[in-house]
Amino acid sequence: MIDAYAVEDVRAAEEAAMAALPEGELMRRAAAGLAEVVAVRVARDGHVVAVVGGGNNGGDALYAAARLAERGFAVGAVTVSGHPHERGLEAALAAGVEVVESTGESATPEAARLLAAADVVVDGVLGIGGRPGLPPAARAVFDLVPDEAWLVAVDLPSGADPSGQDSNADRVFADETVTFGVAKPVHLLPATESAVGRLTVVGIGLEVDAVPAVQRLTHDDAARMWPVPGPGDDKYSRGVLGVVAGGEHYTGAALLSVTSAVCAGVGMVRYVGPPTPTALVRAQVPEAVMGPGRVQAWVVGPGLDAEDGSEAGWAQVAAARDALASGEPCVVDAGALDLIDGVRSTPTLLTPHAGELARAVSRLTGREVTRAQVAGAPVSHARELADQTGCTVLLKGSTTLVVPPGSSRLPIRSQADAPAWLATAGSGDVLAGLAGTLLAAGLSPLDAGSLAALVHGLAGHAANPGGPVRALALAHGIPGVVAGLLERPPGRA
């Protein structure tokens with residue numbers, strides 16, 4: 001599990017560590033770790049240029065520059081603040097680092113000369129104490145970074161919102177971010193993660209005594225959490241999943257959801273639907289049982305048309321309402337999201353995309369919310385829907401968020417495991433069946449949603465590495481992915 005902690009909790013941990021250590025020791029540890037990473041990224045005859053601001057982040061970069069110069073690397077530094085870290089600057093100059101200043105809105109010729117030769121650029125302008133957005137002097141300098149240079153951000157890409165909420169701020173886009181002690185929300189949340197690049201966490205002896213703000217499941221977590229049957233299990237103890245999906249207009253959603261559940265290892269699937277999708281499921285998923293009955297969880301909504309006024313349409317909506325009122329845990333997707341009208345008392349995972357989330361929040365609050373607004377602030381809008389319904393919300397996207405209600409005090413989960421090829425029709429139906437399987441096996445909505453997102457993404461890679469992925473192939477890829485995770489030696493990347 002990757003745990004990311006709120007900025008205020010990290011700052012408190014840093015203050016506690018500094019009080020217990022010799023002066024400057026924490027910064028020395030950070031600089032040493034940063035220098036080691038940069039040394040691996042640059043050729044022996046390569047050039048390193050640090051772009052530094054005036055705070056401790058700049059101090060980390062200057063001390064690291066000094067260490068690299070002492071090891072024989074060609075190192076320069078560009079200061080974009082009139083007040084660089086004093087002791088860090090002294091160390092850099094003493095080690096032979098060429099330091100130039102560029103504090104205006106246009107970069108100086110000296111800064112341009114250094115950057116033109118750079119193979120690795122270290123971004124040490126703003127840290128977790130900075131506000132979103134780049135100062136003009138920093139922007140002028142970063143605009144000169146060669147395209148082929150490897151850009152390493154110190155703690156976070158300068159200008160990125162440390163809390164991971166603001167997607168609009170001007171910021172550096174790094175190839176790699178080296179952070180110290182623990183990850184922070186900026187590294188894992190969708191508004192800012194795209195600027196982080198590869199994330200490298202350097203240990204500096206920091207202990208954070210707080211609940212993580214954000215978590216990300218790893219492959220080891222998947223192997224540990226996946227419900228593996230034992231000798232005493234049968235199809236009922238493994239979990240029976242009911243699926244109310246599809247209709248006469250959207251027949252494929254039923255087949256995809258049921259296929260996904262079967263491929264994920266559900267004990268049994270009961271499918272409830274009108275004649276055409278029933279015939280498809282009966283023909284292609286012979287393991288499925290037709291009609292309602294006792295279940296441990298429901299998937300409700302893939303392919304459901306709540307506006308279908310036909311007799312079959314009314315019957316399917318009635319079946320969806322019955323499932324939602326059953327008292328059993330539910331995955332609520334697509335059309336059934338429109339049937340959620342308040343706080344639910346049973347464990348429920350809502351799985352909207354951004355447009356569906358915007359529509360749900362607008363309907364429940366009476367305040368118009370657009371898809372663009374959700375995309376710009378996904379965490380706050382997902383949290384609002386979670387709080388309005390008492391449900392856990394899985395907001396689908398390139399970085400999938402799984403957000404519990406604020407009253408639960410549980411961390412947000414964030415998964416970024418899928419190829420972009422999964423942005424295709426039917427992919428969400430497969431995810432719903434997968435999450436439903438895990439919910440029926442007894443996992444909480446938070447665990448079921450985040451684990452399903454991880455396996456769903458890996459199955460996307462496995463179905464056709466590097467190329468287009470058909471949703472049905474995605475479902476069929478699940479068994480191999482799960483088997484590979486369960487056979488994987490612990491700790492292996």
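**Close-ups of a predicted model**

**View 1. Val49 and its partner across two strands.** In β5, Val49 has Val121 as its bridge partner. Strands pair here if DSSP finds at least two bridges between them; strands (E, at least two residues) and helices (H or I, at least four) are DSSP runs, numbered from the N terminus. This is a predicted model, where local features need pLDDT of at least 70 and side-chain atom pairs count only at pLDDT 80 or more, while totals for chains, interfaces and linings use all residues. Residues are numbered from 1 along each chain as its sequence is written, and side-chain values use heavy atoms, leaving out hydrogens and water.

**View 2. The parallel sheet.** Here 7 strands make an open sheet with parallel pairing, in the order β4-β3-β2-β5-β6-β7-β8. β4 (98–101) and β8 (198–202) are the edge strands, each pairing on one side only. Helix α5 (residues 109–116) lies across β2, β3 (74–79), β4 and β5, at about 135° to β4. Contact means heavy atoms within 4.5 Å. For the angle, axes are lines fitted to C-alpha atoms (for helices, over the stretch in contact), and values run from 0 to 180 degrees between N-to-C directions.

**View 3. The mixed sheet.** This open sheet has 11 strands with mixed pairing, in the order β1-β9-β18-β17-β16-β15-β14-β13-β10-β11-β12. Its edge strands, β1 (2–4) and β12 (289–290), each pair on one side only. Look for β10 and β13 (residues 297–300): they pair in the parallel sense over 4 bridges, and Gly242 has Trp298 in β13 as its bridge partner.

**View 4. Helix α10, tucked away.** Of the 12 residues of α10, 10 are buried, so the rest of the structure largely encloses this helix. Buried means under 20% relative accessible area, with a 1.4 Å probe and protein chains only. Among the buried residues are Leu255, Leu256, Val258 and Cys263. The cover includes β10 (240–244), β11 (268–272) and α16 (427–440). After α10 comes Gly265, with a positive phi near 95°.

**View 5. A charge over a ring.** Arg44 sits over the face of Phe73, 4.3 Å from the ring centre. To count, NZ of Lys or CZ of Arg must be within 6 Å of the ring centre and within 35 degrees of the ring normal.

Note on methods:
Buried < 20%, exposed > 50% of the residue type's maximum accessible area, 1.4 Å probe, protein only.
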